[in-house]
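Subject: Structure for your review

Dear colleague,

I am handing over the structure we discussed, and my notes on it follow below. Please look through the sequence and the coordinates first, and then read on.

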Amino acid sequence: MSAKTDVKKVLKGDFTYKSLPMAAMIINPPTSLEYKTGVWRIKKPVIDQSKCIKCLLCWVYCPDMSVIRKEDDSVEIDYEYCKGCGICVNACPVKAISMEEEV
Amino acid sequence: MAQVERLAFMGDEAVAYAVKQSNVDVIAAYPITPQTIIVERLSEYVANGELDAAFIQAESEHSALSICVGASLAGARVYTSTCSQGLALMHEIVYATSSMRAPMVMTIVNRSLNAPLNIHCEHGDIMAERDSGWIILFAANVQEAYDLTFIAFKLGEDPSVLLPVSVNMDAFVLSHSIEPITPISDEDAAKFLPPRKYEFEVDADKPITYGTMALPDVYMEFKMQLKEAVESSAKIFEKVVSEYAKLSGRRYWYYQSYMIDDADAIVMALGSTYGTLKTAAKKLRNEGLKIGVLALTMYRPFPEKQLAEILRNTKALVVMDRAYSYGGIGGPLYTDILGTLYRNDIKIPVKNVVYGLGGRDFKLDEAEAVLRMALDGAEAGRFDVNVSWWGVKG
C-alpha cells in the first residue's frame with residue numbers, strides 16, 4: 001500500500017496520487033538529502049580562513065548541518081544545503097564569516 | 001456461533017465489555033461525562049488482569065488522542081472514548097489521525113457543546129468532526145453500540161482501509177440506560193478480531209518517517225488518497241458486517257428501516273431516536289397509515305446510492321437532526337439528504353426537524369406527531385416550513 005518515495009520523480013511533478021506513498025509516509029529515508037535547499041539562498045556565508053580560530057561555534061550553531069568540520073577543525077560551508085540564514089555570521093566571535101551577494 | 005447468556009448492561013458498560021473482548025493493546029483516554037463509565041470499566045479490567053492492555057490516562061483529550069495515534073502507528077489495536085468538549089479538544093489530532101491513516105476505535109457518547117453548559121444528548125460534537133475523514137457509525141440502541149465496536153475494529157484495521165472509526169452513542173439515552181444484550185462469546189470475538197497485523201509498524205531497524213510535510217505540489221494528492229480510502233471503505237464494511245452476521249446472527253447495513261417499501265412518507269434520523277420513531281410508526285401502521293422510518297448506521301462514508309434507491313419511491317420525507325449548522329440552510333443530515341435528492345433527480349418535499357438539542361426529550365407522542373406531519377406533507381405535496389425547531393417555546 002505504501003511505495004518507496006522517488007524524490008527525483010516527485011520533484012519533476014511525475015507522480016499521481018496513487019503512485020505516492022500512503023499518508024505521505026516515507027519508508028526509504030532520508031529522502032530529504034535530495035532536496036538541495038541551497039537554492040533558497042539570497043546571500044551566502046564566506047569564511048575568511050586567515051581569521052578563523054577553529055572554535056567551531058558556527059558548526060554548533062548551524063541549524064542545517066551545512067558547516068562541514070574537517071579533520072584539523074577548520075570549517076567550510078556546504079553550499080548545496082546552506083539556506084543562507086546567517087546564523088554562523090552571528091555566532092562567529094572573530095567576525096571571520098561574512099555574507100556576500102550570490103552572483 | 002457459540003451459545004452465550006444474555007446480559008443486562010448500561011450502554012457504557014456494554015461498550016467497555018466489547019472493547020475488552022476485542023483484546024485491545026492500548027487505551028488512552030481522559031474521562032468526561034457521560035463517557036466516564038467506559039474508561040472506568042476498562043481501567044478496572046486492566047487492573048484486575050482481565051485485559052492485558054496498556055491503560056494510559058493522559059493529561060487531556062488532545063494528549064489522549066495523540067498517544068493513540070502513536071500506538072496505532074506502532075501496530076497496536078487502539079481504543080479511546082470521549083464526547084463533547086473532550087472531542088472538541090481533540091479536534092486538531094482528529095484530522096491527523098485519519099490523514100496519517102492510524103486506525104483505532106473511538107466511542108463518542110454524543111453530547112452537546114458549550115455554551116450554555118450542558119452535558120446532555122446532542123449530535124453537535126460529532127458533526128463538528130464530520131469532515132475529518134473518520135468513518136462515522138451510529139448506534140440506535142445498546143446492543144448496536146456493543147456490536148458496532150467489533151465491526152469498527154475490523155473495518156478500520158483492514159489493510160485496505162487503515163482509518164479511524166467512531167461509534168456514536170446517544171448520551172444518557174443509551175450510555176446510562178440498562179438494556180439486555182446478547183454478547184458474542186470470547187472465542188468468537190477472538191476469531192473475528194485476531195491480533196492486528198500492520199505492514200508499517202514502528203521498527204528502529206527499518207525507520208519510516210510518518211506525518212511528513214507536504215507542500216502545495218503534493219498536498220492535494222494525499223487528500224485525494226484519504227477521500228478514496230473513506231469512500232471505498234464502504235465495500236469493506238459490507239464484507240465485515242456479513243462476517244459479523246455469521247457469528248452473531250445480527251446483520252448490520254448502511255441503514256436500518258421499518259416499513260419503507262410501500263411508505264407514502266419516510267421520517268429519518270440518527271441514533272436512538274430511531275427506536276422511538278419505530279414504536280410510533282407501529283401504531284400508525286395499525287391505523288392503516290403508510291409511514292416508514294429510516295436510520296443511518298453508517299453516516300460517513302455517506303451511503304448516497306442506497307438512500308437514493310429508497311427515497312425515489314416515497315412521496316415526502318422528514319429529516320430529523322439533533323444538531324444544527326447555524327447560519328446554514330438546516331441541520332447536517334438534512335443538507336446531506338438535499339444534496340442526495342438533487343443530484344439523483346428525486347423531487348419530493350423534504351422538511352427538516354431540529355430536535356432534542358442539549359438533551360431535550362423527544363417522547364413517543366412527539367414522534368407520532370412528526371410521523372403524521374410527514375404523511376400530511378405527502379398528501380399536500382409540500383411542507384409549509386423548510387426547517388422547524390421542534391418544541392421550542394416561541
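This is a predicted model: local features need pLDDT of at least 70, side-chain atom pairs count only at pLDDT 80 or more; totals for chains, interfaces and linings use all residues.

Residues are numbered from 1 along each chain as its sequence is written, chains are lettered from A and ligands numbered from 1 in the order in which they are written, and side-chain values use heavy atoms, with hydrogens and water left out.

The two helices, α1 (residues 11-21) and α2 (residues 36-47) of chain B, pack at an angle of about 40 degrees with their axes 8 Å apart; helices here are DSSP runs of H or I with at least four residues, strands are runs of E with at least two, and both are numbered from the N terminus. The axes are lines fitted to C-alpha atoms, for helices over the stretch in contact, and the angles run from 0 to 180 degrees between N-to-C directions. The crossing of α1(B) and α2(B) is right-handed, that is, the near helix is turned clockwise from the far one by less than a right angle. Among the residues of α1(B) that meet α2(B) are B:Tyr17 and B:Lys20, and the α2(B) side includes B:Arg41 and B:Tyr45, where contact means heavy atoms within 4.5 Å. The charged end of B:Lys20 also sits over the ring of B:Tyr45, 5.1 Å from its centre; this requires NZ of Lys or CZ of Arg within 6 Å of the ring centre and within 35 degrees of the ring normal.

The axes of α6 (residues 142-157) of chain B and α8(B) come within 10 Å and cross at roughly 130 degrees, so α6(B) and α8(B) are likewise described as oblique to each other, and their crossing is right-handed. The contact includes B:Tyr146 and B:Phe150 of α6(B), together with B:Phe237 and B:Tyr244 of α8(B).

**Aromatic rings**

There are 15 aromatic pairs over all chains, counting rings of Phe, Tyr and Trp (its six-membered ring) whose centres lie within 6.5 Å, with planes under 30 degrees apart called stacked, over 60 edge-to-face and the rest tilted. One of them is the tilted pair of B:Phe237 and B:Tyr254, at 5.6 Å centre to centre and 45 degrees between the planes. This pair links distant parts of the chain, 17 residues apart, with B:Phe237 in helix α8 (residues 219-248) and B:Tyr254 in the loop between α8 and β9 (255-258) of chain B. Both B:Phe237 and B:Tyr254 are buried, meaning under 20% relative accessible area, whereas exposed means over 50% and partly exposed in between (1.4 Å probe, protein chains only).

B:Tyr299 and B:Phe302 form an edge-to-face pair, 6.0 Å centre to centre with 90 degrees between the planes. B:Tyr299 is buried, with a relative accessible area of 1%, and B:Arg300 lies over its face at 4.5 Å from the ring centre. Ring pairs also link B:Phe9, B:Tyr17, B:Tyr146, B:Phe150, B:Phe192 and B:Tyr244 into a cluster.

Helix α10 (residues 304-311) of chain B is largely enclosed by the rest of the structure, because six of its eight residues are buried. Those buried residues pack against several elements of chain B, including α8, β9 and α11 (332-343). B:Pro301, in the loop between β12 (298-300) and α10 of chain B, counts as buried at 9% relative accessibility. The C-alpha atoms of B:Pro301 and B:Ala234 are separated by 6.7 Å, although the two are 67 residues apart along the chain.

**Backbone points to check**

Most residues other than glycine have a negative phi, and most peptide bonds are trans. The bond from B:Thr33 to B:Pro34 is cis, with omega near 5 degrees, and the bond from B:Ala115 to B:Pro116 is cis as well, with omega near -5 degrees. In chain A, A:Lys54 has a positive phi of about 60 degrees and counts as partly exposed at 38% relative accessibility, while A:Met65 has a positive phi of about 50 degrees and counts as exposed at 74%.

With best wishes

Note on methods. Angles under 35 degrees count as roughly parallel, over 145 as roughly antiparallel, 65 to 115 as roughly perpendicular and the rest as oblique.
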